[in-house]
Amino acid sequence: MNISEIVSRARVAHIEWAANPIARSNALAAIASTFIAEKERIIEAMVTEVHKPITEARGECARAIAILQYFSSAVLDPDGTSFPTQAPHLILSMRRPYGVAGLITPWNFPIAIPIWKAAPALAAGNAVLIKPSEFANNSAILMAELMQKSLPENIFTVLPGGPETGSALVEEADVISFTGSVRVGKSVVARAAQLGKPVQAEMGGHNPAIVLPDADLNLLASSIQIGAFSYSGQKCTATRRIIIVGNDERKKDVVDSLKAATEKLVVGDPRDEKTFIGPLIHAASYQNYVDAITNAQRSGTILAGGTVTTDGSHLPSATLTDGLASDHPLMCNEVFAPIAHIAHVGSTKEAISLANSVSFGLTASIHTADLEAALRISRLLETGMVKINAPTAGVDFHAPFGGDKDSSYGMREQGKAALDFYTHTKTVTFNAGQSKFK
Ligand code: NAD
């Protein structure tokens, strides 16, 4: 069956699905229960396929379950408003599904990202077609097997394939949600816009952590360990730049603390409970890491990590660099690996300017005990999200998620924002007619 036929069947199936919110709520709750019962298989699929360290894979599975439970309940939230008009007439606006949601997803969260798109799309009454990453097909096929147990036929379909399958989905679906690289995301947005379809794209990041002179160094160290290095830095929200504000003495204290915390991280087999840094996704990605290390050695200093292996394991080391010029390509472009670059400035003004100097604007963190500075700087950063004394990575599924500039396009994901994206507003005006009964 070609994609056009699959979409046509899904569009027909969505009509009955959209008509029964109680059934949708129950189905999403049932899927959450299936995920709980089958969590070991889900975790194993992620560890095997995308080398996610087992402790993180467990967290991702728990996140997917929480999202399903949240949207099972959100199905029954109010979906419209009434507007004042002359009595007894009535004007209502209501949110309606588009029909078929076409979702294009990356490999780095092979379960959580498909679920955080599919759950609100389904909750809103759409049918869903997912084109997963070529590097995460098995996880997506398992997800479909588990979800289809509780869903009507043709409501949820996984379409394994490459870029051409993704392009075909953009042509055929009614609403498009993409997560992946800026290069592909911009092409998806351009084509969807040309076709007049609603589209959102979540893309890359080059996220700064701003460290003020009063930051607690232990809290900072754990935020950078998680923010910059968890899942080997293969997160759009990973900390890529650490901007230290203060004098040379303070810089030395911060660097010493971060260096010690970085060197502690265990590199190895993702099945080992102690592993923090596992292999990169594939050889091309490892080559990008190797090139970045070579480049950093040439233009600056490696403070921690920087180890390169030639044994085919694709194991990187958590790496901190220093001394790169602010316009060096490594300070501006995303390398999907555990590398963070330290920069040193004298004032919060300079820190904000450096943080905002890249084309990305996904997330940022500010490390300080000063409430005024945290609030002031968070307003001035050109990012969609700001974390105070917390890692840049890690998101709350019920709060809006997304970035500014090249990091994102269109409406936010997650929570109520996602229900808005997968629906359009219909205004219905009732004329009450003649009064017959006095
Ligand atoms: P990618 O852009 O290579 O692929 C993403 C998806 O797009 C895959 O399913 C791929 O097959 C598909 N695709 C490729 N070409 C296409 C085309 N021409 N038309 C339609 N679909 C096409 O990205 P990736 O390597 O899978 O993921 C890594 C990137 O994703 C990083 O840049 C990362 O920052 C970003 N990312 C962003 C977020 C976010 O929420 N902002 C989350 C995770 C990952």
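The model is predicted: local features need pLDDT of at least 70, side-chain atom pairs count only at pLDDT 80 or more, and totals for chains, interfaces and linings use all residues. Residues are numbered from 1 along each chain as its sequence is written, and side-chain values use heavy atoms, with hydrogens and water left out. Helices (H or I, at least four residues) and strands (E, at least two) are DSSP runs, numbered from the N terminus.

**Helix 1 and helix 7**

- The axes of helix 1 (residues 3–18) and helix 7 (residues 163–172) come within 10 Å and cross at roughly 45 degrees.
- Axes are lines fitted to C-alpha atoms, for helices over the stretch in contact; angles run from 0 to 180 degrees between N-to-C directions.
- The two helices, helix 1 and helix 7, are therefore oblique to each other. Under 35 degrees counts as roughly parallel, over 145 as roughly antiparallel, 65 to 115 as roughly perpendicular, and the rest as oblique.
- The crossing of helix 1 and helix 7 is right-handed (the near helix is turned clockwise from the far one by less than a right angle).
- Helix 1 contributes Ile3, Ser4, Val7 and Arg11 to the contact, and helix 7 contributes Thr165, Ala168, Leu169 and Glu172. Contact means heavy atoms within 4.5 Å.
- By class, the residues of this contact are 4 nonpolar, 2 polar and 2 charged. Ala, Val, Leu, Ile, Met, Phe, Trp, Tyr, Cys and Pro count as nonpolar; Asp, Glu, Lys and Arg as charged; the others, Gly among them, as polar.

**Backbone features**

- A cis peptide bond, with omega near 0 degrees, links Ala87 to Pro88. Pro88 lies in the loop between strand 1 (80–83) and strand 2 (90–97).
- Asn389 is not a glycine, yet has a positive phi of about 50 degrees. Asn389 sits in the loop between strand 15 (385–388) and strand 16 (404–405).
- Asn389 counts as partly exposed, at 28% relative accessibility. Buried means under 20% relative accessible area, exposed over 50%, and partly exposed in between (1.4 Å probe, protein chains only).
- Lys405, also a residue other than glycine, has a positive phi near 50 degrees. Lys405 is in strand 16 and is partly exposed, with a relative accessible area of 35%.

**Sheet 1-2-18**

- An open sheet holds 3 strands in the order 1-2-18, with antiparallel pairing. Two strands pair if DSSP finds at least two bridges between them.
- Strand 1 and strand 18 (423–430) are the edge strands, each pairing on one side only.
- The twist averages 20 degrees from one strand to the next.
- Strand 1 and strand 2 are joined by 4 bridges. Phe83 has Ile91 of strand 2 as its bridge partner.
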